Amino acid sequence: MQRRILPRRAGKKARRPDLFWALLSVAAVVILIITAINLYALINGSTASLRYFGLGFLVGTDWVPNPPEGPPLLGALPAIYGSVVTTLIALLLAVPISLGVALFQAELAPRRLRAPSIFLSELLAAVPSIVYGLWGLFVLVPFMRDYVNTQLKTWLGFLPLFSGPTNGLGMLTAGVILAIMIIPYGSSVMREVIAVVPRSQREGSLALGATRWEMIRTSVIPYARTGIIAAIVLALGRAIGETMAVTMVIGNVARISPSLFLPAETIPSVIANEFTEVAGNDLYLSALFELGLILFAIAFLMNLAGRILITRLQFKGGSDRVA
Amino acid sequence: MIELLSLERRRRVSNRLFAVFATLCFFVALVPLVSIVYQTVVLGYAALSLDFFTKVTPPIGGSGGGILNAIEGSFVMVAIASMIGIPVGVFAGAYLSEYPGRLAHSVRLLAEVLTGVPSIVTGIVVYVLIVATFHRFSALSGGVALGFMMIPIVVISTHESLKLVSSSIREGGLALGISRSKTMVHILLTTARSGIITGIALAVARVMGETAPLLFTALGSQFLMTSLTDPAASLTLLIFDFGTAPYENSHTFAWGAALILLLIVLGLNIVVRVASRLKVTGSE
């Protein structure tokens, strides 16, 4: 790398060993190494499970780590199902609200309120996930049990989605807390892609007599569409990996049921919850690590896709201040 | 005429509806923040006493005791993380702004992707690398896990701060014949200092609140640590263990620890954000 870049730029003098360059590049290469280490350690840790269960791990529905006799019977499908359902609930709630928040902050709020409103969003994003979890367990769970779930059951109880007993712990509550947690993140990415929309677009639209809403609907949102999709993909990547808060409110039961009221589990909640129960069962531990590998793969791809979409947008919008 | 009027009205109404919807979204999104802060302050305040800060945690369900070991563990592990995360992050961030090219482009992209990798995955990685190798849960491995999380965050914030330094300042330094390294240290880093410090402080606040990477590395402990190779407690692990225990007085403990954690994390956020904003408006 040194030989290719420097001589062209700085002439012969720079051919001497450049300690400054060396120091900085070592630090930069550490990022590549960390990525490689992640992959290596996850694959290494899950080798036993990969060998033993093979692809059947992804579709297996049983979760019996310590059967009375014989080897463990482990399948990831309940956890994958729980992750997919809770993430979908979270996106369903968080996408419209994030877009609303982003439009409020970028287009609607009076200039004086803009900075404070963004500041509050940033604080919301800064609250640690474990505090969300504690609050979820003692405030949100009873609230869902006593108000939301009972109302849903009264009005929509004929749907399998809202059937069954409810004690507040379950997929719906997990989805709601995930939504609350990704709204500040989703809205901040959306706000910044909306900010990239050129003034001329807005002014053209307003000059034609559009109301503010028409201007946003016809000029801002179509222009920012790619960025908004990227924001959704990135928020999805966050939601799927969120661990502590979900673990505390989902109830942790390996089960595939259409009812959103029933306790279930997600990929990260299984890892967090069962790690201490492994007790020398190596195959069990390895299976938990394989769940980690699946999680890493999903989150990595989601984030990569979202980031690449946003990078493209930067070229288009000519701004480098996105996210 | 009537049709025109109603169209006009429809446009006005939909515009108003949009404004109401967006404003409502903003306030709905804020409700959890208000509720979290309120609950934590009210329930956490009940746990506070002199013992709470000077004694170690009781067994779960037990009474008396404090959270001294958790405070110690959190600070020690964040310190270890900072020793790894700050130098590597700042140097790599400087590389990105100083030597743009294909490597810089992929490093930046990977750093952004790494910030989105679930923190529990980092816990597993450090478990496999360190804990399984030495057969010991330790404060050191917890600190390394937090350090891994800190690096990409600091890389990005440093890169962004350096990008804001106008290129004329950089070129001015180079044109005077000052070496790249001296230009970087004396001119660029000095100019971008407040931004870089803000980024570091936010990264510290972020890893201070992490739980998942510590589950498999620091493990938690009821005692003060005698060495960095001992298992360590942390505020976040304590909240998890005591918050999910079936005892009333354990819950009070968890809320108390959550109050301390929230004070540190939100306090750090408020201080640096307000300070950096004052600085920006002050220099204009």
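The legends below accompany close-up views of a predicted model.

**View 1. Chain A as a whole.** Chain A is built from twelve helices and two strands, and its elements follow one another from the N terminus in the order α-α-α-β-β-α-α-α-α-α-α-α-α-α. Taken along the principal axes, the C-alpha atoms of chain A fill a box of roughly 70 × 60 × 30 Å. Of the 323 residues in chain A, 49% are buried.

**View 2. The contact between chain A and chain B.** In this predicted model the contact draws 72 residues from chain B and 68 residues from chain A. On the side of chain B that touches chain A, the largest share is supplied by helix 1 (residues 2-45) of chain B, which contributes 19 residues. When the residues on that side of chain B are sorted by kind, 50 are nonpolar, 16 are polar and six are charged.

**View 3. The largest nonpolar core.** This core holds 197 residues, and the members that touch the most other members are Ile177(A), Val249(A), Ala92(B), Ile239(B) and Ala257(B). Helix 4 (residues 77-108) of chain A provides the largest share of the core, with 17 residues. For Ile177(A), leaving out residues up to four places away in sequence, the residues touched are Tyr132(A), Gly136(A), Leu140(A), Ala245(A), Val246(A) and Val249(A). As general background, nonpolar side chains tend to be buried together in soluble globular proteins.

**View 4. The crossing of helix 3 and helix 4 of chain B.** The axes of helix 3 (residues 68-98) of chain B and helix 4 (residues 102-115) of chain B come within 9 Å and cross at roughly 135 degrees, so helix 3 of chain B is oblique to helix 4 of chain B. The crossing of these two helices of chain B is left-handed. At the contact, Ala92(B), Tyr95(B) and Leu96(B) from helix 3 of chain B meet Ala104(B), Val107(B) and Arg108(B) from helix 4 of chain B. The residues of this contact comprise five nonpolar, no polar and one charged.

**View 5. The surroundings of Gly66(B).** Gly66(B) sits in the loop between helix 2 (50-54) and helix 3 of chain B. Because 22 other C-beta atoms lie within 10 Å, Gly66(B) is buried. Apart from its neighbours within four places in sequence, Gly66(B) is in contact with Asp51(B), Phe52(B), Phe53(B), Thr54(B), Lys55(B) and Val56(B). Leu48(B) is 18 residues from Gly66(B) in sequence, and their C-alpha atoms are 9.0 Å apart in space.

**View 6. Two loop residues with positive phi.** Ala279(A) lies in the loop between helix 11 (267-274) and helix 12 (282-317) of chain A, and although Ala279(A) is not a glycine, its phi is positive, at about 45 degrees. Ala279(A) counts as exposed because it has 9 C-beta neighbours inside 10 Å. In chain B, His135(B) occupies the loop between helix 5 (119-134) and helix 6 (139-164), and His135(B), which is not a glycine, has a positive phi of about 55 degrees. His135(B) has 6 C-beta neighbours inside 10 Å and therefore counts as exposed.

Technical notes
Residues are numbered from 1 along each chain as its sequence is written. Chains are lettered from A and ligands numbered from 1 in the order in which they are written. This is a predicted model: local features need pLDDT of at least 70, side-chain atom pairs count only at pLDDT 80 or more; totals for chains, interfaces and linings use all residues. Two residues are in contact if their C-beta atoms, placed from the backbone, lie within 7 Å. Helices (H or I, at least four residues) and strands (E, at least two) are DSSP runs, numbered from the N terminus. Ala, Val, Leu, Ile, Met, Phe, Trp, Tyr, Cys and Pro count as nonpolar, Asp, Glu, Lys and Arg as charged, and the others, Gly among them, as polar. A residue is buried if 20 or more other C-beta atoms lie within 10 Å of its own, exposed if 12 or fewer, and partly exposed in between; C-beta atoms are placed from the backbone. Axes are lines fitted to C-alpha atoms, for helices over the stretch in contact, and angles run from 0 to 180 degrees between N-to-C directions. Angles under 35 degrees count as roughly parallel, over 145 as roughly antiparallel, 65 to 115 as roughly perpendicular and the rest as oblique. A crossing is left-handed if the near helix is turned anticlockwise from the far one by less than a right angle, and right-handed if clockwise. A nonpolar core is a set of buried Ala, Val, Leu, Ile, Met, Phe, Trp, Tyr and Cys residues joined through C-beta atoms within 7 Å.
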